[in-house]
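The sequence and structure are shown below.

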There are 2 protein chains.
Amino acid sequence: MSDHLVAGIEPPYYTVVFTSRLRPDGDHDAYTETARRMEELVAGVPGFLGYESARTPGGLGITVGYFRDEEAIAAWRMDLEHQSAQRRGRAEWYERYSVHVGRVERSYGHVRAE
Amino acid sequence: MSDHLVAGIEPPYYTVVFTSRLRPDGDHDAYTETARRMEELVAGVPGFLGYESARTPGGLGITVGYFRDEEAIAAWRMDLEHQSAQRRGRAEWYERYSVHVGRVERSYGHVRAE
């Protein structure tokens with residue numbers, strides 16, 4: 001998973017917060033490979049603006065996807081390869097997950113001065 | 001940092017997505033201690049609903065705070081001990097961070113059947 005930081009995006013846009021816990025007995029290599037493929041695939045969705053991802057080893061994973069509008073989120077949700085990966089995720093990889101779709105009202109940030 | 005998962009919350013509520021990268025040369029023990037204190041402190045804010053946190057070792061950290069309304073977010077933002085920790089964070093711990101405040105439109109989840 002990438003560890004880049006998404007830079008300032010002008011509203012309107014949406015955050016899709018995906019938090020998950022993996023099953024300890026899942027096939028982590030297959031999961032990682034599929035996660036990489038999804039990152040590749042989502043990048044082609046019109047209105048996809050970027051994502052950020054972190055996972056505490058043995059603990060919680062959080063991925064935040066940034067999308068321009070609901071149409072972009074819907075296009076990603078309806079992607080057939082993505083749907084197939086989701087089914088496999090529910091069957092094999094995830095202990096549990098939750099998704100929160102929010103319309104961003106404001107954002108700000110800080111970069112350390114050199 | 002806790003690795004619990006926040007369970008289903010009924011809208012309206014907000015997500016505050018905080019993504020950060022730590023300075024490699026920062027005092028990680030002091031950072032961890034302060035982060036723990038902030039978790040304790042935010043729990044006392046009326047309208048605070050929970051949070052989730054993940055950090056890839058040596059990489060990105062993402063914390064998502066869930067708040068009932070803007071008043072709850074403002075109360076947390078104006079907390080003096082929190083403001084002091086933020087100043088120290090900018091001065092000593094963070095390479096960079098970004099914050100995205102979103103009003104949640106919908107949420108859903110999945111829990112593995114036993």
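In what sense do β4(A) and strand β4 of chain B pair, and over how many bridges? The two strands, β4(A) and β4 (residues 94-111) of chain B, pair in the antiparallel sense over 15 bridges. Strands are DSSP runs of E with at least two residues, helices are DSSP runs of H or I with at least four residues, and both are numbered from the N terminus. Two strands pair if DSSP finds at least two bridges between them. Within this pairing, S98(A) stands opposite G109(B) in β4(B).

The model is predicted: local features need pLDDT of at least 70, side-chain atom pairs count only at pLDDT 80 or more, and totals for chains, interfaces and linings use all residues. Residues are numbered from 1 along each chain as its sequence is written, chains are lettered from A and ligands numbered from 1 in the order in which they are written, and side-chain values use heavy atoms, with hydrogens and water left out.

**The interface**

In chain A, 47 residues are in contact (heavy atoms within 4.5 Å) with 47 residues of chain B. The size of an interface is often given as the accessible area lost when the parts come together. Between chain A and chain B the buried area is about 4,400 Å², and carbon and sulfur atoms give 53% of it; this area is the accessible area (1.4 Å probe) that two parts lose on being put together, summed over both.

Between chain A and chain B there are 21 residue pairs in polar contact, both residues being at pLDDT 80 or more. A polar contact is a pair of N or O atoms within 3.5 Å; within protein, one must be able to donate a hydrogen and the other to accept it, and residues adjacent in sequence count only if both atoms are side-chain atoms. On the side of chain A that touches chain B, at least two residues each come from β1 (14-22), β2 (48-55), β3 (60-67), α2 (70-78) and β4 (94-111) of chain A. The most come from β4(A), with 18 residues. By class, that side of chain A has 19 nonpolar, 14 polar and 14 charged residues. Here Ala, Val, Leu, Ile, Met, Phe, Trp, Tyr, Cys and Pro count as nonpolar, Asp, Glu, Lys and Arg as charged, and the others, Gly among them, as polar.

**Residues in the β2 strands**

E52(A) lies in strand β2 of chain A. Because its relative accessibility is 0%, E52(A) counts as buried; buried means under 20% relative accessible area, exposed over 50%, and partly exposed in between (1.4 Å probe, protein chains only). The side chain of E52(A) makes a polar contact of 2.5 Å with that of Y66(A) and another, at 3.3 Å, with the side chain of T19(B). The C-alpha atoms of E52(A) and V64(A) are 5.3 Å apart, although 12 residues separate the two along the chain.

In chain B, strand β2 (residues 48-55) has 7 of its 8 residues buried. It runs antiparallel to strand β3 (residues 60-67) of chain B, joined by 7 bridges. The hairpin of β2(B) and β3(B) has 4 residues between the strands, and G58(B) takes a positive phi near 75° there. S53(B) stands opposite T63(B) in β3(B), and the side chains of S53(B) and T63(B) make a polar contact at 2.8 Å. S53(B) is buried, with a relative accessible area of 2%.

**Helix residue H82(B)**

H82(B) is placed in helix α3 (residues 80-93) of chain B and is buried at 12% relative accessibility. Its side chain reaches the backbone oxygen of W76(B) at 2.8 Å. Apart from neighbours within four places in sequence, H82(B) is in contact with M38(B), L41(B), W76(B) and R77(B).

**Salt bridges**

Side chains of opposite charge can pair when their charged atoms come close. A salt bridge is a side-chain nitrogen of Lys or Arg within 4 Å of a carboxyl oxygen of Asp or Glu. Over all chains, 12 salt bridges are found, and the count between chain A and chain B is 4. The table lists examples.

| Residues | N to O distance |
|---|---|
| E70(B) and R106(A) | 2.9 Å |
| D25(A) and R23(A) | 3.1 Å |
| R37(A) and E40(A) | 2.7 Å |
| R37(B) and E40(B) | 2.6 Å |

D25(A) is exposed at 54% relative accessibility, whereas R23(A) is buried at 14%. R37(A) and E40(A) both lie in helix α1 (residues 28-42) of chain A, 3 residues apart, about one turn of the helix. R37(A), E40(A) and E81(A) are linked in a network of salt bridges.
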